[in-house]
Amino acid sequence: MVFVPTSESQAVLTPALTDDEVLRIRNDFPVLSRSVGGHPLIYLDSGATSQNPLSVIEAEQEFYEQRNAAVHRGAHLLAVEATESFEDARETLAAFLGAGADEIIWTSNATEGLNLLSYAFLNSSLPGAGAPAARFALGAGDEIVVTEMEHHANLIPWQQLAERTGASLRFIPVDDAGVLDLEAAGGIISPATRVLAFSHASNVLGTINPVKKLVAMARQVGALTVLDACQSAPHLPLDVQDLGVDFAVLSGHKMLGPTGIGVLYGRSELLNALPPFLTGGSMITTVTMERAAFLPAPQRFEAGTQKVSQAIALAAAANYLTETGMDRVHAWESLLGQRLVEGLATIPGVRVLGPAPGQERIGLASFDVAGVHAHDVGQFLDSKGIAVRVGHHCAQPLHRRLGLTASTRASTYLYNTTSDVDAFLAAVAGVRAYFGA
Ligand SMILES: Cc1ncc(COP(=O)(O)O)c(C=O)c1O
């Protein structure tokens, strides 16, 4: 048993997974038994994309072998079965996130979910958008607030929306420890704020942001909240209703699911007032040559043929995580995250980004090695079979704030062992000598 701080910094007693359980879990992931350059693969890049258990791979295969059909429109048995499985998958994701099924919209990934939202807001700002959409319309004098630690996916769509509507974009700064400056946030979130969009956990720093505090600040001024849950939904228990956010996005491929599928959560009342982004088949009630009337959410936001096999496979992924226990996954990864930062902090010439050892973080650590470019670090680790991510991790403004252009990131998941972390740390300890730095 270990004490693990939750995302709202309350200490809870949670039994973490054990190394033995993780070894059993690894057997479910075929790719983890391959070797790279003669070394057993050590996969520490789940922050970019996670690996898939057999149950996920088989769910997608079984769909194509048995029930492949377009959903919501066929009169034949395969179409009925495909529709049932597709809607069951929606129920599964709704339960995983603490939402209602009609609040779950399938997207291709988190990036598409955030673009869908920003374009729907833009459509609300156009003439003739209608009365229900007025609450989303932005113009001069309105402000959209993000944070300095955002992934470009949760920054650029809001930049574009601000540019097109005349609204202003502001940001909550990050302090030197890689934590959001909440005092500054108090001055930035104001009655002019209409949208507050922020990540739950940083894909660079590992910081877990205080969602409830930020939601409370936004509510006080009547602003809508958008949560980027890309780095939290896969790794910690998440209940959108309990957190109180208005919208949230995630990517399936980061939570053991396939690529090409993601989720946009929105409070039902808001989704049904929001104009659609994409229009076309499967999202209408009646159409004339001049006009169309739209279905309620979620169909209103699901124009065209849907990502059926991917949704079904994502539900298999959510089931795998639920059966393992998200609290235990979180506890395990907190241990791995601490082991990563504690180890990195002792290596001469290595600067760890984000919260110091002992401070709450997800199982992810980015770092800079003095005198060695991140790409060289990544290649050196790859030569030892260790897969990490290098570059700016789609967070250029944050790297600029930290005085860097790039960093190396190791990110864990439920299938990583403590020996994976130790092998990684031993390899990083040899980087500077290898490059003569
Ligand atoms: C915090 C965060 N937000 C958004 C994204 C974008 O995810 P995707 O490329 O799957 O849309 C990522 C992916 O790395 C991320 O880490």
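User: How are helices H4 and H5 oriented relative to each other, parallel or antiparallel?

Analyst: Angles under 35 degrees count as roughly parallel, over 145 as roughly antiparallel, 65 to 115 as roughly perpendicular and the rest as oblique. Axes are lines fitted to C-alpha atoms, for helices over the stretch in contact, with angles from 0 to 180 degrees between N-to-C directions. Helices (H or I, at least four residues) and strands (E, at least two) are DSSP runs, numbered from the N terminus. In this predicted model, where local features need pLDDT of at least 70, side-chain atom pairs count only at pLDDT 80 or more, and totals for chains, interfaces and linings use all residues, the axes of H4 (residues 110–124) and H5 (residues 156–165) come within 9 Å and cross at roughly 10 degrees, and the two helices are therefore roughly parallel. Residues are numbered from 1 along each chain as its sequence is written, and side-chain values use heavy atoms, leaving out hydrogens and water.

User: Which residues of H4 and H5 meet?

Analyst: Contact means heavy atoms within 4.5 Å; among the H4 residues that meet H5 are Leu114, Leu117 and Phe121, while the H5 side includes Pro157, Trp158 and Leu161.

User: Which residues are around the ligand?

Analyst: A residue is near a molecule if one of its heavy atoms lies within 4 Å of it, and the residues around the ligand include Asn109, Thr111, Asp228, Ser251, His253 and Lys254. A polar side-chain atom of Thr111 lies 2.5 Å from an oxygen atom of the ligand, and for a polar side-chain atom of Ser251 the distance to a ligand oxygen is 2.6 Å.

User: Where is there a cis peptide bond, and which residue other than glycine has a positive phi?

Analyst: Most residues other than glycine have a negative phi, and most peptide bonds are trans. Here a cis peptide bond joins Ala297 and Pro298, with omega about 5 degrees, and Pro298 lies in the loop between strand E14 (292–294) and helix H10 (308–324). His72 has a positive phi, near 70 degrees, and lies in the loop between helix H2 (54–66) and helix H3 (77–97).

Note on methods
Polar contact = N/O pair within 3.5 Å; in protein donor to acceptor, adjacent residues only side chain to side chain.
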